[in-house]
Structure formats: C-alpha cells, structure tokens
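Here are my notes on the model you sent. Please read them with the structure open. They run as numbered points.

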Amino acid sequence: MRQGIWTTDRIRKAEERLLAATPEGALMQRAAFGVAVQAADLLSQHTGRVAASRVVLLVGAGNNGGDALWAGSFLRKRGVGVTAVLLKPEKAHPAGLAALRRAAGRVVTLEDAPRVLEAADLVIDGIVGLSARGPLREDAASLLDHISAPVLAVDLPSGVDPDNGKVDGPAITATRTVTFGARKPLHVLNPDRCGEVVLIDIGLGPELGEPDLRQLDAVEVGAAWPVPGPQDNKYSQGVTGIAAGSATYPGAAVLATGSAVLATSGMVRYAGPAADAVRARWPEVIATGSVTDAGRVQAWVVGPGIGTGNDGRSVLRHVLSAGVPVCADADATTLMSRYPDVLDARDPGTPLVLTPHAGEFERLTGAAPGEDRVGAVKAAARRFDAVVLLKGNTTLIAAPDGRVLANVARGSWLATAGSGDVLSGLVGSLLAAGLDPWLAAGAAAYVHSLAADLAARGVPVPAGAVEAAIPDAIRRVRKFC
C-alpha cells in the first residue's frame with residue numbers, strides 16, 4: 001500500500017525528528033520551492049504565463065505562512081509580482097518575510113487586501129497550519145469574497161479540519177493543495193475543498209510508521225484483480241451467488257448479477273424471484289428461484305431489492321449460514337438492524353462485508369457516522385467482526401483489525417439509483433475469487449468509481465451505463481501488470 005495517509009499528530013512528531021537532523025531552514029525552503037513550482041504551473045495553466053503575473057500571499061502566523069513567504073521569494077526570481085497580506089504582522093515568519101523583502105516583494109495591510117486580491121492571477125493560502133482547528137477568523141474570512149483567482153493551498157485549505165475534513169464555517173476552497181512529506185486525512189476526506197493534491201518529498205520515511213489510512217492505486221488494484229490463467233476454468237475462478245431482487249425490484253437483481261458477470265470470467269448463480277429477468281439479460285448466468293436450489297458457491301451477495309419482510313429475512317439467514325464469504329448490502333443491512341439475531345446464523349470467522357450508505361449505517365449501528373467517519377467505520381468493523389464499506393464521495397473501508405482504506409470518487413457520477421447494486425456484485429465476485437475481504441472491497445470500490453467516470457465522460461449516466469464500463473475500467477488498471 002504505497003499511498004499512505006497519516007494523522008497530523010503523527011506527521012508533526014516525524015517532522016520533529018527530521019528537523020533535528022537537518023540544517024535550520026532547509027526543510028522549509030525545500031517545501032517552499034515545491035510550492036513555487038506548483039504556483040508557476042497553475043499560472044501557466046490559467047494565464048498562459050509566469051513572468052509578469054500577479055500572486056497574492058495570504059500569510060498567517062507559523063510555518064505555513066513561512067512556506068508561503070519563501071515561495072513568494074522564489075517566484076519573484078521568475079519575474080512574478082508578489083504581494084503578501086500579513087494577517088498577523090507581529091507573528092509573520094521572520095526569515096520568510098526577510099527573504100520576500102530581499103526579493104523586492106510587496107507587503108500590504110489588511111485594508112489593502114481586497115484591492116490586491118481582486119487583481120490577482122493566483123492566491124497562495126498560507127493562513128493556518130496543521131495545528132489549527134475551526135473556521136477562519138473574521139479578518140481572514142472577510143477576504144474570501146474578494147478571491148476570484150485560483151487558490152494554491154499550503155498543506156491544507158485554511159478552515160478545513162486537517163484530521164477529519166470538517167468545515168463548520170468560513171474556509172478556503174483550493175484549486176490545488178501542496179502538502180509535504182505525507183498526505184493528511186483531510187486530503188481524502190474532503191477532496192472538494194483541497195482540489196488536486198500534490199505531495200512534495202521532504203525526506204520523511206520510516207519514522208512515519210504504519211499509515212492510519214491507505215489508498216489503493218491503479219497498479220495495486222490491477223495486480224490484485226483476478227484474471228484466468230492456463231489452468232483455470234469457470235469453477236476455479238470462483239462461483240458467485242447472487243440473492244437479490246424481487247417481483248417489485250427486478251432491476252436490483254439484474255444489476256448485481258451483471259456486475260459479477262463482468263468482474264471475472266468465472267461463474268455466477270442467481271437465486272430469487274427475478275430469475276426470468278436475469279436470464280433475459282444475462283444468459284450465461286445459472287438462475288433459480290430460491291437460494292435453497294442455487295447450488296454451491298464460493299461467495300454470496302445478498303440484499304439488493306430482497307425486501308425487509310419475512311422472505312428477505314429467511315434468505316439472509318440462509319446465506320449467512322452457508323459458511324462462505326458474504327457481501328451484505330441494502331435490504332440485508334436493514335434486516336440486520338431490525339433483527340440482530342439473524343447474524344447468529346453466521347459461523348464465527350466467516351468473512352462478511354457490509355456496504356451501507358450513511359442512512360443504512362445509522363440504522364445498523366444506531367448512530368450516524370458523524371464528523372469522525374474514520375472512527376465510526378472502524379468501530380463498526382470491530383463490533384460486527386466484518387469489513388465495513390461506508391459509501392460516500394470518499395468511501396471508507398475498515399477491517400476488524402483496524403486497517404482502513406479510503407477511495408475518493410472521481411466526481412459524483414455514482415449518485416444514481418442502482419449504483420450500489422453494481423458495487424455489491426463487484427465485491428461478491430472478488431470474494432468468490434479468494435481475495436482478502438478488505439482488499440476485495442477496496443479494489444471493487446476503485447473499479448466502481450473508475451467505471452462511473454469512464455461511463456459519464458462529464459455527464460450523468462444511469463447505473464446500467466456504469467456497469468457496462470466495468471470491462472474498460474478493469475483494462476485500465478490491468479495495463480500496469
């Protein structure tokens with residue numbers, strides 16, 4: 001897992017150890033040079049030039065303000081007009097401010113800030129650092145209405161909580177965020193505020209320890225995704241069972257089954273009242289009317305569209321008692337919340353993946369995810385001894401042992417009916433192929449969001465179009481193998 005994410009407290013401690021072994025000021029200048037490089041790139045993109053452009057630095061107290069000031073001094077050497085707005089003049093970083101003044105950068109008061117902001121080609125946000133919490137203070141918040149240029153944030157958009165991404169008042173929305181040494185939780189928990197996140201290497205390494213969150217990348221997903229080898233057949237690749245749909249909701253069955261078919265080239269067995277609809281759309285599927293007649297499978301998907309009455313409860317109990325990995329989605333999680341004893345049918349240790357959205361999560365656990373989504377999903381995973389995939393623009397996947405994956409969606413294209421059914425089929429197929437349940441859920445979430453982006457191409461599409469793009473998404477991640 002190469003894409004680690006660490007809490008700010010752990011990053012600060014690692015930076016302290018690195019600072020103790022580094023000449024004074026060297027790390028800040030390295031970080032600031034990275035900010036200047038990214039600022040020049042944004043200027044080129046948005047104005048077509050670097051020299052003769054105008055950059056405004058919003059400078060608070062502390063090291064992030066120092067980074068902005070040093071970056072301004074580097075930009076001056078490229079012919080950029082740089083103006084610094086000092087929000088706390090008496091607390092501005094002395095060396096950074098001196099460097100900017102030596103480079104003939106301008107410094108203005110808050111009273112002049114609106115005028116220079118309105119003329120800026122780029123704004124660099126160095127208002128607060130990682131220790132800050134809460135919204136912007138009144139003096140900084142008063143400047144937001146005067147910003148129309150792209151914003152480059154230093155480490156974090158000011159006003160966004162660095163550890164949970166919370167915004168509870170005025171805050172910066174960045175076009176791009178430059179961070180140093182390691183990514184922080186807000187970069188995946190509130191990506192809309194951060195924009196593109198660029199990581200600058202400042203020399204942090206083993207002293208960080210194991211990350212608090214991880215992201216899969218395309219290489220890792222592609223390497224994990226099962227593809228047939230010379231000795232494989234339809235059974236050896238995994239047989240996925242789908243218990244989904246009803247006479248009222250046959251579409252859930254068709255979508256969940258279809259995504260399992262497209263995910264691997266193994267076998268899919270469907271069991272339920274939508275068998276005719278499934279056969280009509282997916283003739284390669286073995287479809288029966290009941291889970292008791294389905295035959296042997298290596299994993300089950302249960303829940304989408306099965307209803308929350310006695311029939312759905314019986315189906316869920318049967319699937320949980322089968323002794324194979326289960327992905328429980330939609331109505332299955334609602335049934336678990338209403339009838340907790342249904343989980344007694346599960347053999348201890350049998351893998352279980354739960355895939356709730358926020359409302360289902362609240363029903364299942366008795367509390368909404370709240371501001372600390374990471375803590376909430378970790379607690380649920382421990383409580384149910386299951387992998388819990390909490391859907392959202394940033395989907396979180398927690399294992400009972402405390403590991404957490406974050407998958408940041410590519411846009412909001414999955415906010416459409418049936419997209420969750422597509423995801424559950426993907427998870428089930430990977431479970432049937434023998435992947436670790438945590439990795440199966442994370443890889444499925446990655447391909448799911450990639451398929452949505454490929455299908456959408458900038459416009460909303462239905463879940464069926466997302467499903468149809470699954471092979472293209474798998475090709476994209478497999479090209480690195």
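1. R10 is partly exposed, at a relative accessible area of 25%. Here buried means under 20% relative accessible area, exposed means over 50%, and partly exposed lies in between (1.4 Å probe, protein chains only). R10 forms a salt bridge with D212, with 3.1 Å between the closest N and O atoms. A salt bridge is a side-chain nitrogen of Lys or Arg within 4 Å of a carboxyl oxygen of Asp or Glu. R10 sits in helix 1 (residues 8–20) and D212 in the loop between strand 8 (196–200) and strand 9 (213–215), so the pair ties together parts that are 202 residues apart in sequence. D212 is also partly exposed, at 28% relative accessibility.

2. A word on the basis. This is a predicted model, in which local features need pLDDT of at least 70 and side-chain atom pairs count only at pLDDT 80 or more, while totals for chains, interfaces and linings use all residues. Residues are numbered from 1 along each chain as its sequence is written, and side-chain values use heavy atoms, with hydrogens and water left out. Helices (H or I, at least four residues) and strands (E, at least two) are DSSP runs, numbered from the N terminus.

3. How many salt bridges are there? The count comes to 20. One of them joins D436 and R403, whose closest N and O atoms are 3.9 Å apart. D436 lies in the loop between helix 16 (419–432) and helix 17, and R403 in the loop between strand 17 (394–398) and strand 18 (404–408), so this pair ties together parts that are 33 residues apart in sequence. D436 is partly exposed at 33%. R403 is partly exposed at 26%.

4. K166 pairs with D168 in a salt bridge, with the closest N and O atoms 3.3 Å apart. K166 is partly exposed, at 28%. D168 is partly exposed too, at 44%. Elsewhere, salt bridges link D41, R176 and E196 in a network.

5. The largest nonpolar core has 61 residues, and V221, W225, I242, Y270 and I397 have the most contacts inside it. Helix 17 (residues 437–456) gives the most to this core, with 14 residues. A nonpolar core is a set of buried Ala, Val, Leu, Ile, Met, Phe, Trp, Tyr and Cys residues joined through side-chain atoms within 4.5 Å. A second, separate core has 44 residues, among them A40, L42, L75 and V80.

6. What does Y270 touch? Not counting residues up to four places away in sequence, its partners include I242, A244, A253, V278 and V285. Contact means heavy atoms within 4.5 Å.

7. S429 is in helix 16. Is S429 buried or exposed? S429 is buried, with a relative accessible area of 1%. Its side chain reaches the backbone oxygen of L426 at 2.8 Å. Leaving out residues up to four places away in sequence, S429 touches T240, A260, A263 and T264.

8. A380 lies in helix 15 (residues 373–384). A380 is buried, at 4% relative accessibility. Beyond its neighbours within four places in sequence, A380 is in contact with F361, T365 and V388.

9. The whole structure holds two cavities of 30 Å³ or more. A cavity is a set of points, on a 1 Å grid over the protein atoms alone, where a 1.4 Å probe fits but cannot get out; a pocket is an open set with protein on both sides within 12 Å along at least five of seven lines; lining residues have an atom within 4 Å of a point. Grid points are joined across faces, edges and corners, and a volume is the space filled by probe spheres set on the points. The largest cavity has a volume of about 40 Å³. Its lining is L216, I397, L405, A406, N407, G442 and Y446. Strand 18 gives the most to that lining, with three residues.

10. The largest pocket has a volume of about 1,100 Å³. It is lined by 44 residues, and A61, G62, N63, N64 and G129 are the closest to its centre.

Conventions:
Polar contact = N/O pair within 3.5 Å; in protein donor to acceptor, adjacent residues only side chain to side chain.
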